[in-house]
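Thanks for making time this morning. Please have the sequence and the model open while I talk.

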Amino acid sequence: MTLAGWRPQYSGKVRDLYVPEDEALHPGVLLMVASDRVSAFDHVLNPGIPGKGALLTTLSRWWFTQLREFPNHVLDIEPPAEVADRAMVVRRLDMIPVECVVRGYLVGSGWVEYQESGTVCGIPLPAGLANGDRLPEPIFTPAYKAQLGEHDENISFDQVVDLVGAETARELRDVSLAIFRRASAIAENHGLILADTKFEFGRHPDTRELTLCDEVLTSDSSRYWDAATYAAGGPNRLDSFDKQIVRDWLSAHWDKSGTPPTLPDDVVAQTAARYRELIARLTA
Ligand code: PZK
């Protein structure tokens, strides 16, 4: 998409990053634009989910406000009007190349590693845990950003130390756990479980302050469960407020080779409704 005054710098699967055309006008800033694109099983699907970019941006902005005691990259500068509801102007930071994943529950790649080794990112866990079980306490389970097209790889705390140094590694872990605890408590107050999430951090170019960036606690970066459904323990207990509906439909209608099929209208509508429900519940 072309935006007057902004030059596209990088397009991810579902978001786009722009830099100011005139750096003197807006020094040290970036424009992050969330699209309606949805990805699953490493493919961007058709059609998109109408309103997804705006819904996830609303959620991210809301969380940044809730978490304002933690320094973040959001600037009080209006994005271009055409994308105002799905964009944020942010401070350009020196990014730290570690995905700061925190898990309160054992699921996904954590569950996979646990079954093989009894650990997650090298952290030993109690024996006998089942898929989706609550962990005794939240754990920091970092991942290293893979090359384009590869999956992020779970790494140990010692590998984080090798990548960024001992002091930054400790700071990333402690701040990630602190934010997760705060966010989990808020989610719990609204009948939601924050199962896990991924934060990214950078440093302010001048002050070197560790700064929360990227999107925070959206359905693309986090797993939310309904607390009542989880407690009831049925087959849906781990259904998340994300593209679960899309994944389930694709699994039933596609062998995961070649181009994925077009999503039917009802799958698109139900997914959009699920995103709206998450926001409605959290912000109620
Ligand atoms: C930055 N990404 C991820 C990829 C997106 C976002 N504050 C920042 N300063 C410098 N770089 C980044 C950020 C942030 N956030 C974020 N890559 C670099 C990314 C594609 C599209 F919107």
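Let's start with S60, which is found in helix 1. Helices here are DSSP runs of H or I with at least four residues, strands are runs of E with at least two, and both are numbered from the N terminus. A word on the source: this is a predicted model, where local features need pLDDT of at least 70, side-chain atom pairs count only at pLDDT 80 or more, and totals for chains, interfaces and linings use all residues. Residues are numbered from 1 along each chain as its sequence is written, and side-chain values use heavy atoms, with hydrogens and water left out.

Is S60 buried or exposed? S60 is buried, at a relative accessible area of 2%. Buried means under 20% relative accessible area, exposed means over 50%, and partly exposed lies in between, with a 1.4 Å probe and protein chains only. Setting aside neighbours within four places in sequence, S60 is in contact with M88, E215, V216 and T218. Contact means heavy atoms within 4.5 Å.

Four strands form an open sheet in the order 1-2-3-6, with antiparallel pairing. Strand 1 (6–11) and strand 6 (87–91) are the edge strands, each pairing on one side only. On average, neighbouring strands of this sheet are turned by 30° against each other, direction ignored. Two strands pair if DSSP finds at least two bridges between them.

Take strand 3. Four bridges join strand 2 (residues 15–20) to strand 3 (residues 29–34), and the two run antiparallel. Y18 stands opposite L31 in strand 3. D16 stands opposite V33 in strand 3. On to strand 6: five bridges join strand 3 to strand 6, again antiparallel. There, M32 has M88 of strand 6 as its bridge partner. M88 is also one of the contacts of S60.

How many residues of strand 3 are buried? Six of its six, so strand 3 is mostly covered. V29, L31 and V33 point one way, L30, M32 and A34 the other, and all are buried.

Back to the helix. Helix 1 (residues 52–66) lies across strand 3 and strand 6, running at about 40° to strand 6. Axes are lines fitted to C-alpha atoms, for helices over the stretch in contact, and angles run from 0 to 180 degrees between N-to-C directions.

Helix 1 also meets helix 7 (residues 265–283). Their axes come within 10 Å and cross at roughly 20°. That makes helix 1 roughly parallel to helix 7. The cut-offs: under 35 degrees is roughly parallel, over 145 roughly antiparallel, 65 to 115 roughly perpendicular, and the rest oblique. On the helix 1 side, the contact is made by K52, L55, L56, T58, L59, W62 and W63. On the helix 7 side, the residues are A272, Y275, R276, L278, I279, L282 and T283.

L212 is buried, with a relative accessible area of 1%. L212 and S60 are 152 residues apart in sequence, and 12 Å apart in space, C-alpha to C-alpha. Not counting residues up to four places away in sequence, L212 touches F64, P71, N72, H73, I179, F199, E200 and F201.
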